[in-house]
Amino acid sequence: MSKQFQRGLGLATIVGAILYIPLALYLDTLPPWRNPDPGIIYPPFKHLGGNSWQYLTRIPSAISDNNDAPNRSRLEMTEDGRPLGPAHSEHVSIVEKGNGRYSHWQSSLIFSTSDNSDPNTNGRAYRVFDPSAKDPFESLRAPHRPSLLSRLFPSRFDH
């Protein structure tokens, strides 16, 4: 390597470090990234036959239907922001008729799309939420982490 190239590389390294440090400190002050809507459910969805698809729910505070209480779930489901339903549908009805029927059964969400298409490939967003819960996804949210600057200078960078 020529001396001119080595000097240029050294200068680039110094400039990069000078720019990196303030940028890293600034980014550390930002809150951690969070999913803007944790209720969105993502593929892959398991095909159960006919028009029926399964999603294993991860909503800790949502109470599901079961044999003893077939209509107790308050979970609601939307497709691109439009409500699906009816909820609490019989699984045979979801398989045979589909058209947006769904059931929050034990640890699964068994559902069909509004037009009986494949939810893995139709490009639509599916969202579930429990309107009776204050925040059903609270336990999934990242806890607040103090930034490096707020730890070094607590009075100036507290959030």
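Biologist: How many helices and strands are in the protein chain?

Modeller: There are four helices and eight strands in the protein chain. Helices (H or I, at least four residues) and strands (E, at least two) are DSSP runs, numbered from the N terminus. This is a predicted model: local features need pLDDT of at least 70, side-chain atom pairs count only at pLDDT 80 or more, and totals for chains, interfaces and linings use all residues. Residues are numbered from 1 along each chain as its sequence is written, and side-chain values use heavy atoms, with hydrogens and water left out.

Biologist: What pattern does the protein chain follow along the sequence?

Modeller: The pattern reads α-β-β-β-β-β-α-β-β-β-α-α.

Biologist: How do I read a sheet?

Modeller: Strands of a sheet pair through backbone hydrogen bonds, either parallel or antiparallel. Two strands pair if DSSP finds at least two bridges between them.

Biologist: How many bridges join the pairs?

Modeller: Go strand by strand. β2 pairs with β3 (residues 52–56) over three bridges, in the antiparallel sense. There, His47 has Trp53 of β3 as its bridge partner. Next, β3 and β7 pair over four bridges, again antiparallel. Trp53 stands opposite Phe111 in β7. Finally, four bridges join β6 to β7 (residues 108–111), and these run antiparallel. Ser103 has Ile110 of β7 as its bridge partner.

Biologist: Which way do the residues of β7 point, and are they buried or exposed?

Modeller: First, the cut-offs. Buried means under 20% relative accessible area, exposed over 50%, partly exposed in between (1.4 Å probe, protein chains only). Ser108 and Ile110 point one way from β7, while Leu109 and Phe111 point the other way. All are buried. Across the protein chain, buried residues make up 30% of the 159 residues.

Biologist: What is the strand order of the other sheet?

Modeller: The order is β1-β8-β4-β5, in an open sheet of four strands with antiparallel pairing. β1 (40–41) and β5 (82–83) have a single partner strand each, so one side of each is left without a neighbour in the sheet. Two bridges join β1 to β8 (residues 126–129). Ile40 stands opposite Arg127 in β8.

Biologist: How do I read backbone angles?

Modeller: Most residues other than glycine have a negative phi, and most peptide bonds are trans. Now the cases in this model. Asn99, in the loop between α2 and β6, has a positive phi of about 55°. Asn99 is partly exposed, at 42% relative accessible area. Asn116, in the loop between β7 and β8, has a positive phi of about 65°. Asn116 is partly exposed, at 27%. In the hairpin of β6 and β7, Gln106 takes a positive phi near 50°.

Biologist: Where are the cis peptide bonds?

Modeller: One joins Pro43 and Pro44, with omega about 10°. Pro44 is found in the loop between β1 and β2. Another joins Gly85 and Pro86, with omega about 10°. Pro86 is found in the loop between β5 and α2 (91–96).
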